[in-house]
Amino acid sequence: MCAASGHDADMLYATHFYADDPFVWWEARGKTHIVLSPLEIDRARPSARVTQVHGLGEFVSPLAKDHSTTAVIIGVADKYRLKSFLVPEQFPAGLLEKLRHQGLTITVSDQPFFPQRWRKTREEIVALTAALRVAETGLRRGIDVLKASKPNRRGFLQWGKIPLTSERLRAEMDAAVLHAGGVPANTIVAGGEQGCDPHERGYGPLRANEAIVLDIFPRHAKNHYYGDLTRTVVRGRASEALRKQYATVQEGKRWVMKRMRHGANGTLLQKELIERFKAASYPTEQRKDRWVGMFHGVGHGLGLDLHESPRFSSGNLFTGLSITVEPGLYYPGVGGVRIEDVVIVGKTGVRNLTKFEENLELR
């Protein structure tokens with residue numbers, strides 16, 4: 001592999017060493033190796049979980065004109081008498097072509113490099129739980145600010161005599177995440193009609209008495225696992241239509257979680273949930289060229305990637321899988337509702353790692 005472990009979960013999983021610049025990793029004859037620059041090598045020696053940490057000078061002479069990654073890998077191949085490599089599908093295409101041009105046989109794998117990432121160990125579940133607690137801290141700050149806000153005469157929320165916008169509330173949530181030891185990114189604070197687009201981050205003033213989707217998914221600054229958490233709230237009173245929609249999503253989440261266990265078919269569960277919503281008068285369909293209902297998956301794998309394999313609907317669930325459960329219903333004129341927890345699948349059921357309450361109305 002050649003990647004920055006700060007951006008490539010496979011590299012981070014393989015090395016347990018975080019770096020924002022690309023470096024080289026390989027495994028041969030049962031041993032694992034990385035090659036690092038002087039900027040990183042001393043930091044990596046006590047912490048990287050590999051057989052051997054190498055410096056660039058072992059493979060490229062300081063006097064050489066070419067210090068490129070291609071030259072380093074050619075040096076590795078020469079020193080260790082390697083003629084062929086298996087690389088992951090995300091391997092840089094330009095680098096691949098240069099290595100082939102230099103006479104190496106490069107095969108792109110059609111399988112995950114580390115399928116064991118799908119089954120979380122106890123250590124990883126501890127890391128996921130810590131990341132989720134950071135997310136909960138950020139969400140708690142958002143809830144507290146909303147509770148402290150007041151509607152003005154026009155129905156817009158104010159906090160400290162200043163309009164409460166999506167941007168301002170997101171900044172408060174993100175700051176709380178930073179103080180709790182997390183790294184926030186693209187936190188969603190989407191009010192009213194904006195909440196009907198599941199990936200809309202949200203912008204502008206927030207209103208009282210309408211749905212606000214709060215979706216927060218920070219990365220833990222030390223263990224680098226992700227937390228993921230969504231709640232839908234109303235500052236004030238929700239309409240009867242919104243209450244009914246919220247209760248339907250809440251019941252749907254509970255229904256799914258009761259049926260999740262090793263061997264359960266996620267594809268069928270998702271189809272059944274959408275049918276249950278339809279029977280409750282919440283069909284998934286297109287209206288005026290936009291989707292309404294539940295038009296996204298029930299959940300996704302969670303770990304060193306925010307959205308990692310497998311997806312909920314990709315087949316059978318299995319013991320050790322960490323996955324989100326986040327049904328949602330979205331109808332313009334009423335609002336968007338999504339409620340999300342993170343669970344670990346077991347032989348007879350799931351363990352919910354999320355400890356955050358579900359309250360629609362904040363008063």
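## Aromatic pairs

Select Phe114: with 10% relative accessibility, Phe114 counts as buried, where buried means under 20% relative accessible area, exposed over 50% and partly exposed in between (1.4 Å probe, protein chains only). This is a predicted model, in which local features need pLDDT of at least 70 and side-chain atom pairs count only at pLDDT 80 or more, while totals for chains, interfaces and linings use all residues. Residues are numbered from 1 along each chain as its sequence is written, and side-chain values use heavy atoms, with hydrogens and water left out.

Now colour the ring pairs; the structure holds 10 aromatic pairs. Rings of Phe, Tyr and Trp (its six-membered ring) pair if their centres lie within 6.5 Å; planes under 30 degrees apart count as stacked, over 60 as edge-to-face and the rest as tilted.

Trp25 and Phe114 form an edge-to-face pair, 6.0 Å centre to centre with 70 degrees between the planes. The two are 89 residues apart: Trp25 is in strand E2 (residues 23-28), and Phe114 is in the loop between strand E6 (105-108) and helix H5 (122-148). Helices (H or I, at least four residues) and strands (E, at least two) are DSSP runs, numbered from the N terminus. Trp25 is also buried, at 7% relative accessibility.

Next, select Phe295 and Tyr330, a tilted pair at 5.3 Å centre to centre and 50 degrees between the planes. Phe295 is in the loop between strands E16 (290-292) and E17 (300-301), and Tyr330 is in strand E20 (residues 328-331), 35 residues apart. Phe295 is partly exposed at 30%, whereas Tyr330 is buried at 0%.

Finally, select Tyr13, Trp25, Phe113 and Phe114, which ring pairs link into a cluster.
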